[in-house]
Amino acid sequence: MGRTATLATCTLNQWAMDFEGNLSRIIESIQKAKELGATYRLGPELEITGYGCADHFLESDTFLHSWQSLGQILTNPVTQDILCDVGMPVMHKNIAYNCRVFFLNKKVLLIRPKMALANDGNYREPRWFTAWGKHKQIEDYYLPTYDTGDHRHHIDMSLDGVEIIPTGQLNAIMN
């Protein structure tokens, strides 16, 4: 006999580049999913940034703020004991992907890039993202690190794909 799982799918009123508002709506949807007994919560595509960010997807800080938002979601107690699936842009080896990020109990389990991009009508995803072309392959992804006071922080940032290190950060590292 199989086990039963309750799935919560969410349609949220997300706004482009409204990281704070989008974050609040994501947390609220996870809370509601748990209250309804869901063990898996599925959110909309690019829900962390909002779908219509257009050329903001070409800016590195869009990816940074997405990871910062995900960090706040991961550490929120409401996300304990529910498998969550959120949509966000992810940079891997300096290539931008439209991804699903799966996590459970403060741990990222899987990052799944989109394999077929919308490119007709109102949609021009290939302008900002690359389709994942490595079928049936898994690659390691090193989650972004934040300043921990380590003087070699710029090395970690470079390995995470950062191409420009702010001078304030570099000066803090060198002092």
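Colleague: What makes Glu139 partly exposed?

Modeller: Its relative accessible area is 25%. Buried means under 20%, exposed over 50%, and partly exposed in between, with a 1.4 Å probe and protein chains only. Glu139 falls in between, so the label is partly exposed.

Colleague: What sort of model is this?

Modeller: It is a predicted model, where local features need pLDDT of at least 70, side-chain atom pairs count only at pLDDT 80 or more, and totals for chains, interfaces and linings use all residues. Residues are numbered from 1 along each chain as its sequence is written, and side-chain values use heavy atoms, with hydrogens and water left out.

Colleague: How do you know that Glu139 and Lys93 meet in a salt bridge?

Modeller: A salt bridge needs a side-chain nitrogen of Lys or Arg within 4 Å of a carboxyl oxygen of Asp or Glu. Here N to O is 3.4 Å, so the pair qualifies. Glu139 lies in the loop between S5 and H3, Lys93 in the loop between S3 and S4, so parts 46 residues apart in sequence are tied together. Helices (H or I, at least four residues) and strands (E, at least two) are DSSP runs, numbered from the N terminus.

Colleague: Why does Lys93 count as exposed?

Modeller: Lys93 has 61% relative accessibility. That is over 50%, so it is exposed.

Colleague: What makes Glu45, Lys114 and Glu125 a network?

Modeller: Salt bridges link them. Lys114 pairs with Glu45, with the closest N and O atoms 2.6 Å apart. That pair links distant parts of the chain, 69 residues apart: Lys114 is in the loop between S5 and helix H3 (153-159), Glu45 in the loop between S2 and H2. Lys114 also meets Glu125, at 2.8 Å from N to O. Both Glu125 and Lys114 lie in the loop between S5 and H3, 11 residues apart in sequence. The whole structure holds 9 salt bridges.

Colleague: Why is Glu125 called buried?

Modeller: Its relative accessible area is 1%. The limit is under 20%, so Glu125 is buried. Lys114, at 23%, counts as partly exposed. Glu45 counts as partly exposed too, at 31%.

Colleague: Why do S1 and S5 stand at the edges?

Modeller: The sheet is open, with 5 strands in the order S1-S2-S3-S4-S5 and mixed pairing. Strands S1 (7-9) and S5 (107-113) each have a single partner strand, so one side of each lacks a neighbour in the sheet. Neighbouring strands are turned by 30° against each other on average, direction ignored.

Colleague: How do you know that S2 and S3 are joined?

Modeller: Two strands pair if DSSP finds at least two bridges between them. S2 (residues 40-42) and S3 (residues 83-92) have 3 bridges and run parallel. So they pair. Tyr40 stands opposite Leu83 in S3.

Colleague: How do you know that the span of H1 agrees?

Modeller: The expected span is 1.5 Å times one less than the number of residues. For the 17 residues of H1 that gives 24 Å, and the end C-alpha atoms are 24 Å apart, which agrees.

Colleague: What do the buried residues of H1 pack against?

Modeller: They pack against S1, S2, H2 and S3; contact means heavy atoms within 4.5 Å. Among them are Leu23, Ile26, Ile27 and Ile30.

Terms used:
Axes are lines fitted to C-alpha atoms, for helices over the stretch in contact, and angles run from 0 to 180 degrees between N-to-C directions.
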